[in-house]
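Reader: Hi! Could you walk me through this one?
Author: Happy to, here it comes.

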Amino acid sequence: MLWLVLALAYVALLQIFWMPAFWRALLYLSVGLGGLVLMVQRFRQPLRKIGIDDQGGFIFDLGVYERLLFIRANSLQLIAKVDKEKSLFRRVWPKYRVIYRDSLSSREYKILRSYAAQQILLRRSEEAKNH
């Protein structure tokens, strides 16, 4: 982020003091093409994938793969905590994800809700067994 602010400051100073029209057009063209490449890359990668694999529930969001520990499940939404965060901040203030019914197909949501309910009940029974 700092490099972007510095680059914008340098561009502003160059335009104030000296920049030929050719260089200005080349600068605008390169910034525009760079922005276009970033937008195409952003739209080509899958935005969000939610599912279950052999290790449990997961969410793949913008290139970040996170394990989910389900907290609450009902017919409208699933609430999950991101499992095993390393930072101290995340241990004190955990990261939660809400998965709404309309963000998945009906079949996928039913399967995920069933898995979430099983995980919640299993965790509750283990806690009761330990106490």
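**Salt bridges and the sheet**

Author: The count comes to 3 salt bridges, each being a side-chain nitrogen of Lys or Arg within 4 Å of a carboxyl oxygen of Asp or Glu. This is a predicted model, where local features need pLDDT of at least 70, side-chain atom pairs count only at pLDDT 80 or more, and totals for chains, interfaces and linings use all residues. Residues are numbered from 1 along each chain as its sequence is written, and side-chain values use heavy atoms, leaving out hydrogens and water.

Reader: Which residue forms a salt bridge with Asp53?
Author: Arg67 does, with the closest N and O atoms 2.9 Å apart. Asp53 lies in strand S1 and Arg67 in strand S3, 14 residues apart; strands are DSSP E runs of at least two residues, numbered from the N terminus.

Reader: Is Arg67 buried or exposed?
Author: Arg67 counts as buried because its relative accessibility is 18%. Buried means under 20% relative accessible area, exposed over 50%, partly exposed in between (1.4 Å probe, protein chains only).

Reader: And what does Glu66 pair with?
Author: Glu66 forms a salt bridge with Arg97 at 3.1 Å between the closest N and O atoms, and another with Lys95 at 2.8 Å. Shared partners join Glu66, Lys95 and Arg97 into one network. Both Glu66 and Arg97 are buried.

Reader: Switching topic, what's the strand order in the sheet?
Author: The order is S1-S2-S3-S4-S5 in an open sheet with antiparallel pairing; strands pair if DSSP finds at least two bridges between them.

How values were computed. Helices (H or I, at least four residues) and strands (E, at least two) are DSSP runs, numbered from the N terminus.
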